[in-house]
Amino acid sequence: MLPGVFKSVKKDGSIYYRASVTFRSKHISLGSFKSEDMAHNAYLDALNIINSSTPLLPDNYSGGICQSLSFAKWIVLVNFKNNGIYIKTPVYLKKKFFYYYLSEQDVLIFDADDLFYYSDHTIMRRGGHLFVTEYGMQVNIASRYGIRNFARPGKDFIFVNGNNCDFRYENIEILNPYQGVTIEKYKNGICYVTRIHINGNFTVGRYSSITEAAAAYNKAADILETNGVKKHFERNYIEDLPSKEYMELYNSITMPDKITGMPDI
């Protein structure tokens, strides 16, 4: 075998080749390849990074240095060489934050506080959603920042600097943390509209406070499920309201007839 290459066999009996390199006493896998030559070229690419006397940065990948090494492995090695910390995911460290590279053009920014989590979780993009896998389930990373699955950018949350790839905590402002609540202009001010979805959106009511609107959604969901609607509604957790005050608010809210009866909405 050529240096840095190991032959392996899949369950179906087909042969493939793995490449690896040792750097600073760390054995680093470089990936799997169809041919011995490709695996060896990836190994040579890694040596070029490790032995380069010229400082290399993530943006240098397309400069002809790499022939077979993946971009993700490039980031891993360049970060390890420049910053002295081995991280198995495509993370590049800065002083108080880090970049997570989904690709050369698709780059996310996170606070240093999130480094431990994303060092152990690979981020995937599906459409406009970013996921990691936990215990075999896909978890939307936006939930770590108080952004609900169906939250609307510009209405329920904003990225303060306009960069929707910047997940630093100071850059995410939650405008509305509650399910089924919409903030709308009303006369000379704003109101909080509660809607619940059954065969389309049904307006439960308009309220003067966001907590009242959130509690109204919970009450509507409770009544609908009690009346036999076979759908689970995600409830709102109103953190700032003690349980006694919540129940007083909950009990004071009047529901429309279509909710309290057996609705056909």
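User: Over which ring does the charged end of R24 sit?

Analyst: This is a predicted model, and every value below is computed from it. A charge counts as sitting over a ring if it is within 6 Å of the ring centre and within 35 degrees of the ring normal. The charged end of R24 is placed over the ring of F80, 5.5 Å from its centre. Another case is R144, which lies over the face of Y117 at 3.8 Å from the ring centre.

User: Which residue takes a positive phi in the hairpin of β1 and β2?

Analyst: That is G13, with phi near 95°; this hairpin has 5 residues between the strands. The strands themselves are β1 (residues 5–9) and β2 (residues 15–23), which run antiparallel and are joined by 5 bridges. To follow the pairing on the structure, find V5, which stands opposite A19 in β2.

User: How many aromatic pairs are there, and how do I read one?

Analyst: Rings pair if their centres lie within 6.5 Å, and the angle between the planes gives the type, with over 60 degrees counting as edge-to-face. The count comes to 19 aromatic pairs. Take F159 and F167: their ring centres are 5.5 Å apart and their planes stand at 80°, so this pair is edge-to-face. Both F159 and F167 are buried. Y246 and Y250 make a tilted pair, with 5.9 Å from centre to centre and 45° between the planes.

User: Where do Y246 and Y250 lie, and are they buried or exposed?

Analyst: The two residues are in helix α5 (residues 243–252), 4 residues apart, which is about one turn of the helix. Y246 and Y250 are both buried.

User: Which residues do ring pairs link into a cluster?

Analyst: The cluster consists of F98, Y100, F110, Y117, Y118, Y145, F157, F159, F167 and Y169. Two of its members have come up already: Y117 has R144 over its face, and F159 pairs with F167.

User: What does R168 touch, and where is R168 placed?

Analyst: R168 sits in the loop between β10 (157–159) and β11 (172–174). Leaving out residues up to four places away in sequence, R168 touches F97, I109, F110 and D111. F110 is one of the residues in the ring cluster. The side chain of R168 also makes a polar contact, at 2.7 Å, with the side chain of D166.

User: How far apart are Y237 and P177 in sequence and in space?

Analyst: Y237 and P177 are 60 residues apart in sequence, and 9.3 Å apart in space from C-alpha to C-alpha. Y237 is in the loop between α4 (210–226) and α5. Its relative accessible area is 67%, so Y237 is exposed.

Technical notes
Residues are numbered from 1 along each chain as its sequence is written. This is a predicted model: local features need pLDDT of at least 70, side-chain atom pairs count only at pLDDT 80 or more; totals for chains, interfaces and linings use all residues. Side-chain values use heavy atoms; hydrogens and water are left out. A polar contact is a pair of N or O atoms within 3.5 Å; within protein, one must be able to donate a hydrogen and the other to accept it, and residues adjacent in sequence count only if both atoms are side-chain atoms. Contact means heavy atoms within 4.5 Å. Two strands pair if DSSP finds at least two bridges between them. Rings of Phe, Tyr and Trp (its six-membered ring) pair if their centres lie within 6.5 Å; planes under 30 degrees apart count as stacked, over 60 as edge-to-face and the rest as tilted. Buried means under 20% relative accessible area, exposed over 50%, partly exposed in between (1.4 Å probe, protein chains only).
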